[in-house]
Amino acid sequence: MNRVVITGMGIWSCLGQTLDEVRDSLYTGRSGIVLSAERKEAGFRSGLCANVPKPDLKKLIPRNLRMFMPEEAQYAYMATLQALDHAKIDQDFLDAHEVGIIYGNDSVAEATMAALDKFREFRDTAACGSGAIFQSMNSTVTMNLACLFRLRGINLTASAACASSSLAIGNAYLLIKNGLQDCIICGGAQEANMYSVASFDGIQAFSLREDNPTQASRPFDRDRDGLVPGGGAATVILESYDHAVKRGATILGEIVSWGFSGNGDHISTPNVAGPTRSLELALKNGGILPQQIGYVNAHATSTKAGDGREALAIAQTFGDYRVPVTSTKSQTGHEMWMAGASELIYSMLMMKNGFIAGNTGFENPDEETAKVNVVPETREAHFDMFLSNSFGFGGTNSTLIVKNI
């Protein structure tokens with residue numbers, strides 16, 4: 001079995017568009033959440049959202065190729081450019097080697113809506129445009145990136161709600177571990193436009209703390225009142241250890257285990273048993289003791305049920321060991337399909353720079369969240385192994401464990 005290592009990272013986030021910017025935002029507790037007047041005017045119950053800038057690809061990609069790329073594919077392209085550069089992988093290397101891509105994505109709302117609006121307006125399918133089909137498929141990110149970077153390895157989209165990009169990384173880990181691929185680009189992307197989350201607002205899933213946007217996302221806090229939608233993209237480069245050493249790569253960390261499970265229960269309401277199995281399997285599959293984990297990046301989205309049940313799952317798994325826990329969603333909001341990959345990067349930046357970013361907005365626990373050791377403010381901390389949770393609608397759970405190198 002091969003060891004699986006991380007050799008590159010890239011991100012396009014509300015906290016910054018470079019690793020250094022994101023690191024500094026995490027350390028200082030800077031939030032990327034704003035109040036959108038556009039959403040309020042459009043009829044949203046909550047106008048809170050993450051502020052994700054749009055990239056300008058005009059100088060990077062010809063127009064005849066940009067026409068195939070919806071918003072999230074554009075974010076993913078920028079994150080992947082950065083990750084490949086970080087890993088010191090250029091196009092000549094990609095052309096000469098079999099490199100794969102597995103990316104998490106579970107919606108393309110705006111591109112689909114725009115194409116169908118044109119069809120209805122003109123009563124002519126040709127009005128959709130020749131790029132519409134490629135923009136509107138869930139696999140749009142992998143199909144675009146695989147063609148733009150001329151990738152010849154596995155080409156797969158992981159579509160599993162808010163666990164999508166964690167499951168993308170987990171599947172890439174298994175393929176490399178078992179010798180089926182040497183190098184895989186993986187991550188996740190989430191469109192940040194209001195159309196992608198209108199139905200979430202319709203079921204009253206979002207926080208209404210509009211008078212204080214930067215404190216609206218309050219994972220684990222007693223007074224949390226809903227999530228804040230975010231977006232962007234995050235990419236990590238995974239390689240087998242031998243492959244990375246052979247090409248002289250800088251090794252940033254090692255994925256040492258992956259756990260996963262299904263709740264087999266309600267489509268939107270989480271339980272405790274499913275997440276607990278995911279956590280326990282991650283520890284068991286890696287032969288890791290709870291006390292070896294120095295930090296847990298929780299999935300916690302700032303919802304009553306989700307945060308409480310994850311807290312119980314963490315407490316049940318770690319027992320008397322009060323492992324430090326935070327949810328970076330307190331600063332970013334919920335990055336949804338991107339979250340598993342971005343939160344792995346956030347945790348890596350903390351581990352490599354010796355700190356734990358505070359769970360901003362956490363002031364008082366409730367009965368369930370009091371069972372875990374939530375860190376409310378940034379603290380200097382050395383740790384060499386972390387665990388990252390991602391859970392999604394439909395009861396899909398994924399837990400990654402990464403160690404420092």
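Modeller: A residue is called buried when its relative accessible area is under 20%, exposed when that area is over 50%, and partly exposed in between, using a 1.4 Å probe and protein chains only. This is a predicted model, in which local features need pLDDT of at least 70 and side-chain atom pairs count only at pLDDT 80 or more, while totals for chains, interfaces and linings use all residues. Residues are numbered from 1 along each chain as its sequence is written, and side-chain values use heavy atoms, with hydrogens and water left out.

Colleague: How many of the ten residues of strand 8 are buried?

Modeller: Strands (E, at least two residues) and helices (H or I, at least four) are DSSP runs, numbered from the N terminus. Strand 8 covers residues 253-262 and is largely enclosed by the rest of the structure, because the number of its residues that are buried is eight.

Colleague: Which strand is joined to strand 8 by nine bridges?

Modeller: Two strands pair if DSSP finds at least two bridges between them. Strand 1 (residues 4-12) pairs with strand 8 in the antiparallel sense over three bridges, and there Val 5 has Glu 254 of strand 8 as its bridge partner. Ser 261 stands opposite Asn 397 in strand 15. The antiparallel partner joined to strand 8 by nine bridges, covering residues 396-404, is strand 15.

Colleague: Which residue just after helix 8 takes a positive phi?

Modeller: Helix 8 (residues 140-148) has seven of its nine residues buried, so it is largely enclosed by the rest of the structure. Those buried residues include Thr 140, Asn 144 and Leu 148. Just after the helix, a positive phi of about 55° is taken by Arg 150.

Colleague: How many disulfides does the count give?

Modeller: A disulfide is a pair of cysteine sulfur atoms within 2.5 Å. By this rule the count comes to zero. Cys 49 is in none, with the nearest cysteine sulfur, that of Cys 14, 9.5 Å away. The sulfur of Cys 186 is too far for a bond, because the closest cysteine sulfur, in Cys 183, is at 9.0 Å, and the count thus stands at zero.

Colleague: What is the relative accessibility of Cys 186?

Modeller: Cys 49 counts as buried at 6% relative accessibility. Cys 186 also counts as buried, and its relative accessibility is 0%.

Colleague: Which helix gives the largest share of the lining of the largest pocket?

Modeller: On a 1 Å grid over the protein atoms alone, a pocket is an open set of points with protein on both sides within 12 Å along at least five of seven lines, and lining residues have an atom within 4 Å of a point. The largest pocket is lined by 31 residues, with Ser 268, Pro 270, Thr 303, Gly 306 and Phe 393 nearest its centre. Helix 13 (304-318) and strand 14 (385-392) are the elements that give two or more residues to this lining. The largest share, five residues, comes from helix 13.

Notes: 1 Å grid on protein atoms, 1.4 Å probe; cavity = no way out; pocket = protein on both sides within 12 Å on 5 of 7 lines; lining within 4 Å.
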